[in-house]
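Work through the exercises below with the sequence and the coordinates open. Each task is followed by a solution in steps.

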Amino acid sequence: MLKEIDTYKKISGERAAEFIEDGMIIGLGSGSTVYWMMKRLGDLVAKGFKIQGVPSSNRTERWAEEFGIPLTDFGSVQSIDLAIDGADEIDNRLNLIKGGGGSLVREKIVDALADKLIIIADESKMVTTLGNFPLPVEVVPFGWEVTARNITQLGCTPTIRQKNGEIFVSDNGNYILDCQFSDISNPKQLHSSLKSLVGVVETGLFIDMAELVIVGCNEGVSIVK
Ligand SMILES: O=C[C@H](O)[C@H](O)[C@H](O)COP(=O)(O)O
C-alpha cells in the first residue's frame with residue numbers, strides 16, 4: 001500500500017500523462033513522481049500512441065524500456081514538444097530546485113529544449129521561498145574541495161553527496177555538492193554566481209522554465225500556473 005505522499009505523487013504523475021498527445025516528442029524527467037507519468041505513458045503507447053521520449057537519466061531510460069516507451073536522442077530531434085519532470089521545491093513564481101536524485105544536468109538540457117515544461121509534485125514541494133531543500137550543484141570531481149570552498153564564500157556550507165558510504169557519482173561522472181542556503185530570495189543571481197565559479201557544471205535552480213505545476217494533494221490535483 002502506498003504512503004500518502006506517494007499517492008499524491010502518483011495522481012500528479014498520472015494526470016500529467018493527459019497532456020500528452022499522439023505524435024509528440026516527450027522529454028522524460030527523473031524521479032519517483034515521473035515514474036507514475038511514464039507508467040501511464042506506457043499504457044498510451046500500448047494503445048497505439050506514436051510518441052518518442054528523450055530520457056533525462058539512466059534510471060528513466062531503464063523505466064522507458066520497462067514500459068515499452070520508444071526513445072530518441074538529440075541527434076535525431078531538433079526540439080521537444082513537452083517535457084514532464086519532477087522537482088524538490090517549487091516557489092510561487094514556479095522557480096524550482098531540482099537534483100535531489102542527482103539528475104539535474106541532463107534534466108536541464110532536456111527541459112530547456114522543450115516548448116512546454118510541466119512539473120509534477122506532491123504538495124509538500126510547494127514553498128514561498130526556495131532554500132529549505134539543500135541546493136544540488138554538480139561539480140567536476142577534479143579539485144572539488146576547492147570548488148566547495150569557493151561556494152562557501154557565497155553563504156552556505158556545501159556537503160559532498162554520498163551514497164552507501166561512497167561519494168555519489170552522477171550519470172555524467174561528476175560529484176554533487178548539496179548547498180544549504182537558508183533563503184534563496186534571488187535565485188537568478190545565486191545561479192549566475194555559482195555558474196561563474198570554475199569547476200561548477202550546473203546548478204539545480206530552474207528559473208523561468210516551468211509553465212505549469214500539477215500538485216498532487218488530498219483533494220486530488222491542483223494546477224498552478
Ligand atoms: O534529480 C532528480 C530530480 O530533479 C527529481 O525530479 C526530483 O528530485 C524530484 O524527485 P521525486 O519525484 O522522486 O520527489
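The exercises concern a predicted model, and they go from the whole chain to single residues.

**Exercise 1. The whole chain**

Task: State how many helices and strands the protein chain has, and decide whether it is as compact as a globular protein of its length.

Solution. 
- Step 1. The secondary structure consists of six helices and 15 strands.
- Step 2. The radius of gyration is 17 Å, close to the 17 Å that the globule rule gives for 225 residues, so the protein chain is as compact as a globular protein of that length.
- Step 3. Along the principal axes, the C-alpha atoms fill a box of roughly 55 × 40 × 35 Å.
- Step 4. Of the 225 residues, 46% count as buried.
- Step 5. Take the contacts between residues at least 6 apart in sequence: 75% of these join residues at least 24 apart.

**Exercise 2. The annotated glutamate**

Task: Locate Glu107 in the secondary structure and decide whether this residue is buried or exposed.

Solution. 
- Step 1. The unreviewed UniProt entry places the feature "active site" at Glu107.
- Step 2. Glu107 belongs to helix α4, which spans residues 104-112.
- Step 3. Within 10 Å there are 31 other C-beta atoms. The cut-off for buried is 20 or more, so Glu107 is buried.
- Step 4. Not counting residues up to four places away in sequence, Glu107 touches Gly29, Ser30, Ser56, Asp85 and Lys98.

**Exercise 3. A parallel pair and its crossover**

Task: Find the sense in which β1 and β2 pair, and the handedness of the crossover between them.

Solution. 
- Step 1. β1 covers residues 25-28 and β2 covers residues 52-55; four bridges join them in the parallel sense.
- Step 2. Leu28 stands opposite Pro55 of β2.
- Step 3. From β1 the chain passes through helix α2 (residues 32-46) to β2, a β-α-β crossover that is right-handed.

**Exercise 4. Antiparallel pairing**

Task: Order the strands of the open three-stranded sheet, then name the partners of β11 in two pairings.

Solution. 
- Step 1. The order of the open sheet is β4-β5-β13, with antiparallel pairing.
- Step 2. β4 and β13 (205-206) are the edge strands, each pairing on one side only.
- Step 3. Two bridges join β5 and β13, and Leu96 stands opposite Phe206 of β13.
- Step 4. Strand β7 (residues 135-139) runs antiparallel to β11 over five bridges; Val139 has Tyr175 of β11 as its bridge partner.
- Step 5. Strand β8 (residues 157-160) also runs antiparallel to β11, over four bridges, with Thr157 opposite Gln180.
- Step 6. β11 itself (residues 175-180) is mostly covered, as five of its six residues are buried.

**Exercise 5. A contact across the sequence**

Task: Describe the surroundings of Ala16.

Solution. 
- Step 1. Ala16 is part of helix α1 (residues 4-16).
- Step 2. With 29 other C-beta atoms within 10 Å, Ala16 is buried.
- Step 3. Leaving aside neighbours within four places in sequence, Ala16 is in contact with Met37, Ile84, Ile118, Ile120 and Ile214.
- Step 4. Ile119 is 103 residues from Ala16 along the chain, and their C-alpha atoms are separated by 8.4 Å.

How values were computed. Residues are numbered from 1 along each chain as its sequence is written. This is a predicted model: local features need pLDDT of at least 70, side-chain atom pairs count only at pLDDT 80 or more; totals for chains, interfaces and linings use all residues. UniProt positions are given in the numbering used here, feature names are shortened, and annotations may be inferred rather than shown by experiment. A residue is buried if 20 or more other C-beta atoms lie within 10 Å of its own, exposed if 12 or fewer, and partly exposed in between; C-beta atoms are placed from the backbone. Two residues are in contact if their C-beta atoms, placed from the backbone, lie within 7 Å. Two strands pair if DSSP finds at least two bridges between them. A crossover is right-handed if, with the strands pointing away from the viewer, the path from the first strand over the helix to the second runs clockwise. The radius of gyration is taken over C-alpha atoms; the globule rule is 2.2 Å times the number of residues to the power 0.38.
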